[in-house]
Amino acid sequence: MRIGRPLTAVALIGFVALMLLPLYSMIVLASAPDDGDLSGLGFHGFALFDNIGQIMTDGRFPRYLMNSVLIASAVSVLDVAISAAAGYALARLRFPGRAALLNLVVIALSLTPAVVMIPVFVMLSEIGWLNSYQGLIAPFAASALGVFLVRQFALGIPVQMLHAARVDGASELRIFLRIAVPLLRPALLTVLLLQFLAQWDNLIWPLIAASEQELWTLPLALSSFEGEHGIVYHLQTAAALISILPPLVLFSFLQRYYVSGLTLGGVKR
Amino acid sequence: MTDGIRVEQVTKRYGNQVLFADIDLHVQDGEFLVIVGPSGCGKSTLMRIVAGIEPVSSGRVTVGGRDVTHAHPGDRGIGMVFQDYALYPHLSVEGNLAFGLRAHHVPKDVIRQRIADTGEALGLTDQLKKRPGQLSGGQRQRVALGRAMIREPAAYLMDEPLSNLDAALRVQMRAELIEFHRRTKGTVLYVTHDQVEAMTMGDRVAVLNEGEFAQIGTPTDIYERPATVFVATFLGSPRMNLLGATVRPFEEEVELTSGELTWRLPRKGLPADLPESVRIGFRPESVHMRVDDGTPAYPLAATVSYRENLGNESILHLRDSTGRAIVARLPPRTGPRDGEPATFQVPLADLHLFGPDGRACWHGIELAADGQPLPWSA
Amino acid sequence: MSAIPRRDLLRGAALLTLGGAVSQLTLTGCGSDDQPVGSSKAGPQGQVVVWMHEEPANTKYFNAKIAEYQKKYPKVTIKPLYVPIANLDTKLSTAFTTGAPPDLIKVGAWTLAERASKGQLAPLAPADFGVGSLDQLKSRFEANAFAALTYENQIYGTPIDFNSVHLWYRRDRFEQAGLDPDKPPTTWEQIAEFSQKLTNADASKVGLQWQLADNIWAMLNFIPLIHGLGGQIIDESSRRGMLNTPEGIKALEYYGSLGNPKLSDPVGAFGLFAKGTSAMLMSGRFTSSLIPAINPEAKLGKTFDSAIVPSWEGKEKVAAGYSWGWMVAKKAKNPFTAWHFINWLTEGDNVDQQLSATGLVTPTAGWQKLASASDKASQQLEEQIPYTDFGPVLPQWTETIKALLDSLESVIHKKQDAKTAATAFDDAVGRILK
Amino acid sequence: MSTVEARAGAGLAAPAIVYFVLFWALPALAALYLSFTSYDLSGTPQWVGLDNYRQMVTSDEFWSSAWVTLLYTVFAVGPTIVIALVVAVPLAKPGRFRAWLRGLIFIPAVMPLVGATVLWQVIYSTGGLADTIAQAAGVGARPWLTDSDYAIWALLVMVIWKYVGLYVIIFVAGLQALPANVFEAAAIDGARTLRTFFLVTVPLLRRTFTFVIVVAVTGAMQSFVPAYLLTKGGPVNATQVLPLYLYNNAFSYSRFGYASAIAIVLLVVLLIFAFTQFTLVRSDEE
């Protein structure tokens, strides 16, 4: 039985190595001075910093990167706030419209974003929100996924505890902020991360909702390396390499909270 | 503070289902009143109504003479101890104690003082910085109590606070709660399904069944004069023996026939309108080995099916000639062997008669109280 | 058939929740944009929003030209937006949906019919170019230059990035295979023959490789084959698919017989050609600079070279071409200035500068005599223009050509025989164009 | 009291209700209406009744896309969840080394798809990394993206690679919430603990599973960007998932009515799925 332990470790490291191989290959590609070699295994020339320098001095890329950070942060914070409130209310409060909200969440979870895009686009155009940060943020200010996750998690908060707080004389808002939010922290951080990543990867909406390059985001910057007759992939991979960093920093920062007890309404009651 | 807690004509409905209708209860000032009943009888709901967690459908609730029927739980002047403590796991003991005071915007130095006082009163001074997860079960219980105390409520509500403790700790905490009540003279409404807690802690006990109070009275009263079959069987372990019987007037006596038993009770002292069919009740500890010492008692012939030796006593499971099960509680190492027929006796003073509606019509102890010599016939 | 006014339904979303005030505002705002800003009298002025796809060399050149133009006409602001090419059409479609498109767009001429049929584009007005008639305007360009920019006898744009596809081949591969690199094939029959010689046993190296999995290139590769045989992809008058004809099937079979569809490169057939995996490629003038950019070891004239489009033996030459166009939205606030700017881009030595800086041809009359057009590929392009075909002009172009692509792919991937694929295409066209 | 609770609940839920009504419910109604029309994003939607639906059920491309979507969903969700769980069990233990490994596995998940797909196009190209590995493994080079039999699997490998790290993190979190004794016993280090894993750990993770499955399935059935970027749905439509077919119809062919009809069908399928899941969740809660 003890033999299993090193075996597990070897298998695990093997798996991680397999996961990392494409990333290694990516560094090789991003370091190439041109697009000649495809094997992606051995370095032929090392121009990584030249490539990155070239991207960063293009002028637009840093701006796109900053926009992505800004929009992804704003969206994920808003989503956390709205989802936390709604998810908690759905799980632990009785109010008129509760069933309706739950149905809305399930519909939103099941509706393909491509078809809502046009009506939302027209709507934002009517109120003059195209070409603005709010137009890029508002359509993602909450998420069905977030509400769903918080609700699942909030079902694990004992009702008694909320009653105790009520008997203690706390208002519902105080209970939400001082009791529910701290207890929901792992779920909220998960929502934060998931939504941040979703926005980090959002290609279509910033493209159609903003017609000012000043408002565009990273996926568009990456797409811009694709030209009419193919793609400049040594530069594009170098750019992709840069774009990994901000969410990775966020993740490593969150990890210690994040991994410390995401029960998902788990086994604890 | 005066007047304790009053529940007046309270009705609680969920949709079409009526949980209880026009119920009344008065917990006097300084009284420790225990509501006991089986699970699902509505006792927790009643407590939550008093606490303000559940709204009433109709009726009135007062605490300390103040109508709080529609007040927020936090404005009712009550402190509550919950079943599984319901402490805030992310706050320290201090934070838990201070939570309610902060919600009421009590000044900081007052909060500090009260935490210190409460901590001292409950022996928690060294635990104030710890989180609930780092405390023992007993300490958590004390924090929960402290959280209720610290706001100096007019009344305490305790919802099965001991039910999640292990046996030893439960005994200890029971003692602590009794001591707490003695010291503070607080009004306590206590809910439990545990008859031992009910009998040992309550100044008075209210037995709740199917949305109605079957009986409210002192523990002794309830044990000796159970108002209904339900009360009689719910309290006491093993439960009271019940034998169906038919009633026939027989000269100066009344003859009760139950299977092969024929017991004659003196008509005197019995209600005149005794129904034709009754149930005879007697507790296991009222079944004795037959001795002719002159105490008025009725014979009972039965065979021992099996026995449980509990060390300090023996529980005998008997079967009479018609196959009815009867339980007897005897001193250890007494009574016949398994399978042996024997004759036991039940003192007249320990008999209870219940009508077909489940209500008690007569308790033997009432005769005994008269001090009259009791005839006994065979 | 009941019909609900276009935006009422969608606007409903906004109305329902935002109340009357906001929509009142926007409704009145809608009516006020019918006064053109610039005019031939007042001269160019005001703002022109231009959308085009991102292409680094062009972005750089275009930004410089905007600066130059604005300096010359200080009352004008040109606001460019460079959109990733894959997303340009999506972006335009959504912009036109709100009725607030950019003034000026540079898009593939093949999408012109769709936009024109929806009334999104303004027909060319000679006055905006300072000329009296369309003929006068046309005479300033190559004869065939507007063929791709005409829909239902109306011209909707001016050409830019004008291309006629011809043959590119690897001199090194020809030499290795014992073929004379100075005598490239001139017929499709020869191409097949050469391809055989250039293909190795496991087909990891091939002769001619088509550009696969791409709408526009499917058409550009296929038109010389089928039109060269006298066939047609669709009959535009009867709106019927025409692949299930002897010519169509022969062209399909020929298409399916060349190259190896399983070869893969991130830059597609261009990458395979740049690395010498394939020895021949049907492509445009831009290939001369594209190939060295992909693989610096490939050198024009030494490693690879170009030739005129092949024809079927004994038949007329047919070349396939494409053009991008400058087009002005019907709702443009400033059409005069937009066209003025575009016109300016064709004046002086701007055409020459553009060609040398970006490789994009604006086919003004006499462009082939410019210094930057002295290369072989430019001359071949010029030579081919008279017999260049720009493919069908259809509002449903994208969907129709996707159907063509499906049939070509299923033949070359051997999923269907030519006859079945041809029938499938004709059926699909029947559905699309009904 | 209940009015206080109702007011608080409504207040907390209000932003979400406004959001979901504005950005989902009304557009969903619009999509439902448009699914009965012919609408090309300009002009006027023309009422055509059930034409779009009729056309859909008779279209080979629709059914082939539906089949590809089913394949894609099953083989994106299944392996991702299984791999994520198997990897999460040893990774859920505390320790700095494991934290590092978790971080490394997570990297693909934070890479924008646009970047990831280009990387994989290079990996899958002739003579690329995939060929190198396949040759080293004795399998030989393969036309990963250019053969209609391989392309869907190549796409799935990329998708699994991209997202498995995310699910590892969710499972790790779920596992860490289990009682320590169960968790320790669940490490895969022998036949007996393997059984513990299946009999104890997996059942205890039921709620995490529910969440992960709902999210993964609805996500997979709506995702078109990976296929759109990696293979454009080809070759010969072998990787054209339904949402991509929908997207093409909406934005390439300007058949917004038809695209809406596809969306409504997808919506109905996903609603059935989601409600089934919710029912399961609910029976799990009470």
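Me: What makes R170(C) count as lying over the face of F273(C)?

Reply: R170(C) lies at 6.0 Å from the ring centre of F273(C), and a charge sits over a ring if NZ of Lys or CZ of Arg is within 6 Å of the ring centre and within 35 degrees of the ring normal. This is a predicted model, in which local features need pLDDT of at least 70 and side-chain atom pairs count only at pLDDT 80 or more, while totals for chains, interfaces and linings use all residues. Residues are numbered from 1 along each chain as its sequence is written, chains are lettered from A and ligands numbered from 1 in the order in which they are written, and side-chain values use heavy atoms, with hydrogens and water left out.

Me: How many aromatic pairs are there over all chains, and why is the pair of W188(C) and Y254(C) called edge-to-face?

Reply: The count comes to 57 aromatic pairs over all chains. Rings of Phe, Tyr and Trp (its six-membered ring) pair if their centres lie within 6.5 Å, and planes under 30 degrees apart count as stacked, over 60 as edge-to-face and the rest as tilted. The ring centres of W188(C) and Y254(C) are 5.9 Å apart with planes at 75°, so this pair is edge-to-face.

Me: How do you know whether W188(C) is buried or exposed?

Reply: Buried means under 20% relative accessible area, exposed over 50%, and partly exposed in between (1.4 Å probe, protein chains only). W188(C) has a relative accessible area of 1% and is therefore buried, and Y254(C), at 9%, is buried too.
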